[in-house]
Amino acid sequence: MAMSLGACGDAGDTAGTGSDVDVTPLPIVARSDWDGAQQTCEGMMSGAVDYGVADGEPDLLVALGPRGVVCVDTFLVFENELGPDSLVMHRLWLRYMATLQELGPELATDQRDASLRD
């Protein structure tokens, strides 16, 4: 698995100015890499250094650690684990939306609408 893993900052940071926010799309993580991973990220996020989108399952995010996939779960679980107002979550949301836009604009609209309903 050849992925570039970069630090995402401290989950305790609060969202501030958006001028330095990374909005590059998240990497797409191959099914062979995430399929056998822990299927819940509750209590597992401390090992994450980056995030990705599950190939073939754009509703699932993948937490990536220094040695590969840590866990796979829904955006809502990531939000609960990282804190909805954290800088990490803010950056993840922007990058996730950029990824969905690349995969197809209708995916980004569907995900945005689902998060507004929650």
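**Trp93.** I looked up Trp93 and found it partly exposed, at a relative accessible area of 22%. I use buried for under 20% relative accessible area, exposed for over 50% and partly exposed for in between, with a 1.4 Å probe and protein chains only. The model is predicted, so I note that local features need pLDDT of at least 70 and side-chain atom pairs count only at pLDDT 80 or more, while totals for chains, interfaces and linings use all residues. Residues are numbered from 1 along each chain as its sequence is written, and side-chain values use heavy atoms, with hydrogens and water left out.

**Aromatic pairs.** I searched the whole structure and got three aromatic pairs. Rings of Phe, Tyr and Trp (its six-membered ring) pair if their centres lie within 6.5 Å; planes under 30 degrees apart are stacked, over 60 edge-to-face and the rest tilted. Tyr51 and Phe78 have ring centres 5.9 Å apart and planes at 75°, so I list them as edge-to-face. Tyr51 sits in strand β2 (residues 50–54) and Phe78 in helix α2 (residues 75–82), so this pair ties together parts 27 residues apart in sequence. Here helices (H or I, at least four residues) and strands (E, at least two) are DSSP runs, numbered from the N terminus. Both Tyr51 and Phe78 are buried.

For Phe75 and Trp93 I noted centres 5.1 Å apart and planes at 65°, so that pair is edge-to-face. The pair links distant parts of the chain, with Phe75 in α2 and Trp93 in helix α3 (residues 87–103), 18 residues apart. Phe75 is buried, with a relative accessible area of 7%. I also found Phe75, Trp93 and Tyr96 in one aromatic cluster.

**α2 against α3.** I then checked the helix packing: the angle is about 160° and the axes are 9 Å apart. Axes are lines fitted to C-alpha atoms, for helices over the stretch in contact, and angles run from 0 to 180 degrees between N-to-C directions. On the α2 side, Phe75, Phe78, Glu79 and Leu82 make the contact, and on the α3 side Val88, Met89, Leu92, Trp93 and Tyr96; contact means heavy atoms within 4.5 Å.

**Glu57.** I found Glu57 in strand β3 (residues 57–65). Glu57 is partly exposed, at a relative accessible area of 33%. Glu57 touches Arg31 and Trp34, leaving aside residues up to four places away in sequence.
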